[in-house]
8 protein chains.
Amino acid sequence: MENFEDLGFSKVDYDREKRQGFPEVIYGEGKAIEHIGPIMGKLIDRHGKVMVTRLDAEKAEHLLGLFPEAEYDRISRILTVGKPELAFGGQVMVLAAGTSDLFVAEEAALTAEWMGCNVRRLYDVGVAGIDRLLAYRDEITRASVLIVVAGMEGALPSVVGGLVERPVIAVPTSIGYGAHLEGITPLLAMMSSCASGMSVVNIDNGFGAAYQAAMIMKLVSEGVHHESPIS
Amino acid sequence: MENFEDLGFSKVDYDREKRQGFPEVIYGEGKAIEHIGPIMGKLIDRHGKVMVTRLDAEKAEHLLGLFPEAEYDRISRILTVGKPELAFGGQVMVLAAGTSDLFVAEEAALTAEWMGCNVRRLYDVGVAGIDRLLAYRDEITRASVLIVVAGMEGALPSVVGGLVERPVIAVPTSIGYGAHLEGITPLLAMMSSCASGMSVVNIDNGFGAAYQAAMIMKLVSEGVHHESPIS
Amino acid sequence: MENFEDLGFSKVDYDREKRQGFPEVIYGEGKAIEHIGPIMGKLIDRHGKVMVTRLDAEKAEHLLGLFPEAEYDRISRILTVGKPELAFGGQVMVLAAGTSDLFVAEEAALTAEWMGCNVRRLYDVGVAGIDRLLAYRDEITRASVLIVVAGMEGALPSVVGGLVERPVIAVPTSIGYGAHLEGITPLLAMMSSCASGMSVVNIDNGFGAAYQAAMIMKLVSEGVHHESPIS
Amino acid sequence: MENFEDLGFSKVDYDREKRQGFPEVIYGEGKAIEHIGPIMGKLIDRHGKVMVTRLDAEKAEHLLGLFPEAEYDRISRILTVGKPELAFGGQVMVLAAGTSDLFVAEEAALTAEWMGCNVRRLYDVGVAGIDRLLAYRDEITRASVLIVVAGMEGALPSVVGGLVERPVIAVPTSIGYGAHLEGITPLLAMMSSCASGMSVVNIDNGFGAAYQAAMIMKLVSEGVHHESPIS
Amino acid sequence: MENFEDLGFSKVDYDREKRQGFPEVIYGEGKAIEHIGPIMGKLIDRHGKVMVTRLDAEKAEHLLGLFPEAEYDRISRILTVGKPELAFGGQVMVLAAGTSDLFVAEEAALTAEWMGCNVRRLYDVGVAGIDRLLAYRDEITRASVLIVVAGMEGALPSVVGGLVERPVIAVPTSIGYGAHLEGITPLLAMMSSCASGMSVVNIDNGFGAAYQAAMIMKLVSEGVHHESPIS
Amino acid sequence: MENFEDLGFSKVDYDREKRQGFPEVIYGEGKAIEHIGPIMGKLIDRHGKVMVTRLDAEKAEHLLGLFPEAEYDRISRILTVGKPELAFGGQVMVLAAGTSDLFVAEEAALTAEWMGCNVRRLYDVGVAGIDRLLAYRDEITRASVLIVVAGMEGALPSVVGGLVERPVIAVPTSIGYGAHLEGITPLLAMMSSCASGMSVVNIDNGFGAAYQAAMIMKLVSEGVHHESPIS
Amino acid sequence: MENFEDLGFSKVDYDREKRQGFPEVIYGEGKAIEHIGPIMGKLIDRHGKVMVTRLDAEKAEHLLGLFPEAEYDRISRILTVGKPELAFGGQVMVLAAGTSDLFVAEEAALTAEWMGCNVRRLYDVGVAGIDRLLAYRDEITRASVLIVVAGMEGALPSVVGGLVERPVIAVPTSIGYGAHLEGITPLLAMMSSCASGMSVVNIDNGFGAAYQAAMIMKLVSEGVHHESPIS
Amino acid sequence: MENFEDLGFSKVDYDREKRQGFPEVIYGEGKAIEHIGPIMGKLIDRHGKVMVTRLDAEKAEHLLGLFPEAEYDRISRILTVGKPELAFGGQVMVLAAGTSDLFVAEEAALTAEWMGCNVRRLYDVGVAGIDRLLAYRDEITRASVLIVVAGMEGALPSVVGGLVERPVIAVPTSIGYGAHLEGITPLLAMMSSCASGMSVVNIDNGFGAAYQAAMIMKLVSEGVHHESPIS
């Protein structure tokens with residue numbers, strides 16, 4: 001039972017890094033300061049660094065009091081202790097369809113960087129002005145993994161997916177109104193995409209997209225052996 | 001009460017042409033042959049021609065027996081008596097994202113032609129292969145009105161809408177599966193489009209899109225007077 | 001890359017006017033003052049005028065400080081710099097079913113005027129008092145394009161659509177409660193309308209309806225050539 | 001326990017007539033012939049007549065073999081034994097928006113007649129041709145109760161509701177496609193109607209609407225005493 | 001054009017009383033004081049009394065300043081000028097399933113009284129304690145029309161509907177949580193009720209139910225002529 | 001790896017009886033005969049008996065050929081090999097609201113019997129005829145566990161839940177139409193029930209309800225020790 | 001009529017304890033202090049104790065003023081007067097998937113304790129770290145009834161359900177975002193679970209789950225007689 | 001315009017291989033034999049091989065007549081011409097929760113093999129028997145990419161996602177009933193998963209999951225350069 005520590009309200013998962021490749025990240029929304037603080041402390045003790053996502057400014061201020069070495073980014077609402085270090089070659093490109101989608105795109109970009117990826121941002125390239133996107137076509141095709149963030153009708157990932165031979169992770173956002181259904185519409189649209197090789201994460205889940213991108217870059221970095229495994 | 005004729009099960013709307021610019025068109029789905037036949041007869045008597053939409057092959061065969069001069073198109077499922085005549089200049093372009101969307105695109109194209117429009121078809125130009133669409137960019141920008149038919153995630157109208165200064169009428173189709181929800185997903189996505197100047201009709205409603213396109217071309221053809229109307 | 005300017009968080013689309021016939025309009029909701037201000041500045045430099053939609057009163061006050069020549073309309077929540085000029089003949093009629101739908105109707109009316117249309121407003125003519133609507137039947141039939149705004153069950157566009165030979169653009173509103181589902185119900189109802197020649201835009205999207213109406217009036221104003229285009 | 005008879009698979013409710021004013025009616029859909037037959041027999045024994053609704057043609061044929069005095073109506077899919085007798089003055093008007101809605105309208109009309117109402121049918125008076133409806137305005141205002149059947153966007157009840165001082169019972173139908181959601185859209189739209197004094201029954205539930213209409217006519221026929229009841 | 005008066009933002013419907021039997025009632029939600037005040041004034045001038053529904057306490061206070069003779073009920077949120085007078089015999093019974101549903105039940109009760117009905121209230125008789133309901137069975141069966149208000153699963157109208165031979169108007173409420181979907185669940189459940197002779201109005205629409213009940217009582221009060229009308 | 005056997009397409013779970021108290025049951029829907037046959041063989045070898053649910057008549061015929069000792073019940077669509085034996089005291093009561101719900105009620109009843117319960121059936125006791133239900137009130141209150149099956153609006157479990165001090169397991173059925181949404185409406189309604197001590201299983205899942213009932217009866221049969229367990 | 005007392009706005013159900021085994025519990029949400037206070041008073045008079053659920057801190061403070069002997073728990077939002085007493089042997093285990101689900105888990109735990117159950121809490125054992133759950137496998141299999149609380153995708157009950165031979169009551173929570181649909185997604189997922197012997201209560205309904213668990217423990221405690229009941 | 005060939009009904013995308021890394025694959029559902037045949041011919045000419053997915057047995061038989069060298073797999077409904085060749089090291093593991101999910105799992109497995117992946121199948125390891133899954137834990141953690149196919153509540157990917165440090169692609173299936181909503185429930189549940197590093201494709205879209213897996217393996221195979229790209 002040494003792989004996690006039981007705080008009563010929480011069982012801190014020390015084994016996560018070994019099992020999943022990266023230490024546990026704290027999802028801040030809906031958690032009280034009294035819960036986040038101790039978990040942060042435990043994780044810093046163990047891993048020397050920690051990341052908290054979806055943290056509103058008010059809670060962040062409290063935690064900055066407790067952990068003066070922490071840094072807080074207001075757009076992505078991410079708080080970190082400790083610096084990320086570049087671990088992987090290649091490039092994760094984060095594209096955002098509109099200016100209003102930035103808070104999700106930045107959650108993805110900062111998370112990917114935190115996990116060791118080299119990140120390139122390409123923002124406000126929505127499909128209604130396709131020339132803006134195509135102006136960057138060469139760069140887009142050179143990226144290793146593409147995280148494509150879009151609200152409204154969520155069409156950008158389909159267009160990007162058709163331009164590249166690399167995996168595309170689509171992130172629908174809650175930016176839109178009416179028929180957009182707080183993001184359900186772009187989520188379902190991305191699911192129904194005519195582009196192959198694209199998968200989708202939850203609405204506004206920049207973190208999740210970046211996590212998968214980092215896993216892919218880690219796999220690339222570590223490589224695989226050519227003999228087939230036991231079957 | 002001379003503007004319509006009461007057949008009991010139906011009130012044939014002779015006034016429609018005067019009121020709405022085009023004679024009544026019969027929606028064939030869910031109507032019995034015993035109902036469609038007499039209404040067709042009345043409308044041919046009055047207008048010299050008639051169009052029936054959403055007519056399955058079996059019913060069409062029966063009606064071809066009754067009206068030997070009729071013609072039936074298996075893809076669009078439209079039956080017509082009498083020939084359309086070109087009435088309007090300019091061009092209505094009908095674009096379809098995929099090969100499977102053709103039955104809707106053809107409903108739109110044939111309806112628009114029937115109503116007097118000059119129609120240009122551009123099929124299988126879905127956004128996952130954006131170069132196929134852009135290869136026709138010049139032609140697209142020259143069209144007067146654009147009907148854009150797409151299933152799956154329904155992204156094509158957004159891209160087209162961003163390329164032109166002309167009205168775009170988007171038609172979601174029932175082609176897709178799973179998260180596509182039989183067309184509800186592209187319908188909502190089109191509604192949420194980031195492209196301006198675009199409006200949407202019901203799923204698979206190629207007829208409705210063509211009807212509005214023809215109304216626009218009719219307005220263009222007739223022109224408007226520059227003095228402002230009574231207000 | 002001269003067609004747009006990259007501000008980092010945004011790529012200002014100077015090419016829009018050439019491509020789409022009207023300069024870019026700023027959608028104010030969910031954008032920070034720090035983003036809207038610079039984009040406004042760039043667009044005024046380029047086009048001499050600008051329009052911002054969905055701008056709440058608080059942000060408007062800030063922007064009026066930065067751009068003293070700007071004007072703000074509290075009902076439609078539109079801020080403008082520069083005057084619209086009447087460009088097109090004919091008439092765009094904006095109908096609203098109820099008094100509560102005015103904020104959407106005015107967004108449509110002001111946008112259409114801004115884009116050069118001659119606008120006639122006809123408000124509080126919901127179908128439950130059909131005589132109020134029919135009292136204006138002559139005027140309605142003389143309009144060139146009709147924007148019909150309705151909340152609740154969204155029935156007004158169907159009735160209007162049956163009275164005219166001109167295109168009807170239906171706008172569902174978020175006014176209603178319970179089974180109205182914040183506008184999804186009238187949106188779906190308008191989609192399912194029995195009236196031909198009608199298309200629909202997103203909930204509360206008065207701007208989008210006006211944009212399409214202006215595109216139609218522009219097409220009418222410019223006319224088309226009778227020879228058929230390259231095909 | 002004399003108020004019902006237990007057949008094992010069913011408890012025949014003899015008390016219904018006393019309790020609810022009309023004998024039990026058998027809902028035929030999803031019931032096997034082996035179940036419907038015995039229940040019919042029991043109810044004929046008790047009440048001298050019986051009505052079965054939602055009965056497909058195949059089952060009807062079987063039952064006509066067992067009960068040669070029965071009559072079956074193919075449009076409404078109602079089978080009856082015994083004749084209805086006119087019991088109530090006034091008039092129940094059944095309006096239908098389109099020809100395809102007739103199967104529901106006829107279920108309502110036949111049920112109301114069976115329950116003793118004087119029925120007036122007014123079919124194919126959908127709102128997209130409002131003049132057809134208004135041609136009957138005088139008659140409509142003279143009806144005692146109005147059952148308004150409509151598919152598509154379900155707008156007819158709102159218009160009728162605004163014309164009369166009598167109760168309107170709206171019946172959405174499954175006739176439509178796409179955004180119509182098999183009748184959910186007109187159901188929700190009718191619920192959201194701007195017309196007062198209107199209530200709604202389930203999709204295609206002509207029977208239920210007629211049942212309530214008959215209850216109202218029964219109440220009118222029996223009258224009420226002017227002194228207030230015990231409270 | 002004498003049947004209504006055009007205030008620009010509103011067309012006051014003076015004809016409503018003649019056409020629908022009762023004067024126009026003002027729906028207060030989403031309307032500004034600047035709009036409600038003038039419409040109230042016009043209606044008091046014409047009819048000597050007026051009713052405003054869905055009026056929050058703050059707006060009510062303003063209007064009580066303008067119309068000192070007005071009365072405001074905090075539970076139902078109804079404001080009235082002028083007294084209702086008992087016009088109809090018989091009895092409208094308003095049943096509520098739970099204590100939390102009272103705001104809707106009182107909207108129904110006060111509206112029905114305002115329109116001339118004799119009202120009996122029976123509250124907190126939800127089906128999970130069926131004995132509480134059945135303790136009033138005699139009274140329930142003597143009512144002329146029953147308005148049954150229920151949130152949660154909305155089962156009460158089905159039980160009541162099975163006890164009486166009079167019309168039942170069901171009102172789903174927004175009281176509940178989770179799977180209750182803010183009232184959509186009881187709305188759909190009431191629609192699907194196994195009880196005959198029941199119809200449904202929108203969520204929380206106590207006003208609409210009372211309006212229909214009053215129309216029924218008015219019809220009962222006026223009676224019908226036994227000869228059948230023109231057909 | 002002795003707890004299950006790998007057939008490639010399936011891993012037969014021999015450990016289930018030890019782990020969950022009852023041997024694995026085969027869910028027949030969507031499985032091919034070629035899959036069901038071998039799994040049945042394995043389970044008969046191990047446990048001497050087997051049960052297959054949701055098996056259509058055609059597949060059943062094939063399997064009766066392979067396993068001549070099997071028995072098939074056409075209403076519940078259950079096929080069994082081997083006899084159930086009464087294991088538990090007390091009584092599981094299965095109530096069904098309507099005759100059309102019998103196929104689900106019988107799935108529950110036969111499953112519960114198969115698992116060793118003493119079952120009492122009480123069918124066609126829907127809430128619209130509450131007296132039929134209350135006629136059995138004494139019996140109902142004596143049951144140990146109650147499985148309440150209802151389609152339409154799904155109100156029966158709420159009424160039953162209010163009558164007893166024993167656990168009620170509610171089963172919504174797919175019997176209904178329109179607003180019933182193929183069972184989603186009663187499912188959500190049962191979830192929102194005002195009766196305490198009630199839980200819900202999936203639409204038509206008579207098997208699941210019976211399984212839980214049997215688990216409860218097994219627990220009752222085995223009893224618990226009064227000292228509290230390790231914590 | 002001695003079984004309940006009519007306070008006008010409420011009918012206090014004194015009979016509940018005899019009928020359902022436990023005294024009435026007050027659901028605090030949406031009820032005014034003026035309503036809760038008197039009902040509490042009546043129930044304390046009758047039963048010597050009372051429980052109020054879903055009570056926010058502000059109301060709680062008021063009620064603590066009125067009933068100084070009351071206790072309020074901020075996490076579960078439960079207020080109680082009088083102490084629970086251990087009545088039943090065995091153990092109800094309450095499992096929670098995440099730290100954010102604690103408010104629901106504690107509502108369940110405190111309710112079960114109040115009703116006489118011996119409760120074991122096991123929190124933060126979500127399926128993404130399956131080893132944390134399996135570390136407690138022995139304890140889990142020894143529990144008598146298991147209440148499994150989970151937000152997000154709601155997978156925990158399926159895993160637990162496959163480990164035990166005891167009834168599992170699943171509680172979906174409103175903790176999650178986007179595709180989680182405020183708890184509808186885990187609710188539907190739990191309904192669709194592949195684990196047998198599991199039933200589900202409403203979103204966040206820890207109370208309801210505990211109520212059913214207590215009923216089961218009561219049944220176990222009282223036992224059943226082996227002779228079969230009257231049938 | 002040399003990158004695609006225009007067949008009128010289709011524009012064959014020869015450029016796809018260069019752009020996306022793999023030749024175009026034909027989606028067979030909803031396409032006529034007359035369309036599939038010629039497209040297959042063109043692609044074989046160009047690439048020497050072709051794959052058609054979602055092809056029913058009847059169409060397959062026709063195509064096997066036209067292309068005798070083709071092979072058809074009845075479970076996955078995939079038709080291929082030409083042999084796949086192992087291109088990538090490492091291993092793509094395809095896990096399926098239940099026997100009924102095999103048709104999707106096989107679509108994934110065959111597609112991945114076709115695209116050059118080394119595939120390991122692990123079927124019938126649903127979470128309700130967690131020991132069956134954990135028996136393969138070592139192998140699971142050694143896989144390079146994991147495709148996890150699950151119907152019902154879709155919980156398997158969450159558990160697998162918590163065991164590995166490699167990307168997990170989740171595929172919801174249409175296997176289930178009732179609350180499962182034809183796959184929408186597991187789709188939304190997977191989206192809401194508490195496991196990090198997981199993304200989701202459309203219902204039954206084994207092809208799409210395999211396509212992304214192959215893209216990842218291709219990236220791994222090709223590697224990346226450590227210097228950061230142009231930015």
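Predicted model: local features only at pLDDT ≥ 70, side-chain atom pairs only at ≥ 80, totals over all residues.
Trainee: How many salt bridges does the rule find across the interface of chain D and chain C?

Mentor: Two. A salt bridge here is a side-chain nitrogen of Lys or Arg within 4 Å of a carboxyl oxygen of Asp or Glu. C:D131 forms one with D:R137, and their closest N and O atoms are 2.7 Å apart.

Trainee: OK. How many residues of chain D are in contact with chain C?

Mentor: 24, against 24 residues of chain C. Contact means heavy atoms within 4.5 Å.

Trainee: And what area do chain D and chain C bury between them?

Mentor: About 2,000 Å², with 68% of it on carbon and sulfur atoms. That is the accessible area (1.4 Å probe) lost on putting the two parts together, summed over both. D:A128, D:E153 and D:S192 supply 26% of what chain D buries against chain C, more than any other three residues.

Trainee: Which elements give two or more residues to the side of chain D that touches chain C?

Mentor: The elements are α5 (130–134), α7 (156–161) and α8 (184–191) of chain D. α8(D) gives the most, with four residues. By type, that side of chain D divides into 15 nonpolar, six polar and three charged residues.

Trainee: Is α8(D) largely enclosed or open, and why?

Mentor: Largely enclosed by the rest of the structure, because eight of its eight residues are buried. Buried means under 20% relative accessible area, exposed over 50%, partly exposed in between (1.4 Å probe, protein chains only). D:I184, D:P186 and D:M191 are among them.

Trainee: New topic. Where is C:S144?

Mentor: In the loop between α6 (137–142) and β9 (145–150) of chain C. C:S144 counts as buried, at 3% relative accessibility. Leaving out residues up to four places away in sequence, C:S144 touches residues including B:L219, B:V224 and C:R166.

Trainee: Last one. What rotation superposes chain A on chain H?

Mentor: 180°, with 0.0 Å of shift along its axis and an RMSD of 0.0 Å. The two copies are therefore related as by a two-fold rotation axis.

Terms used
Residues numbered from 1 in each chain as written. Chains lettered and ligands numbered in written order. Heavy atoms only, no water. Nonpolar A, V, L, I, M, F, W, Y, C, P; charged D, E, K, R; others polar. Least-squares fit on C-alpha atoms with pLDDT ≥ 70 in both.
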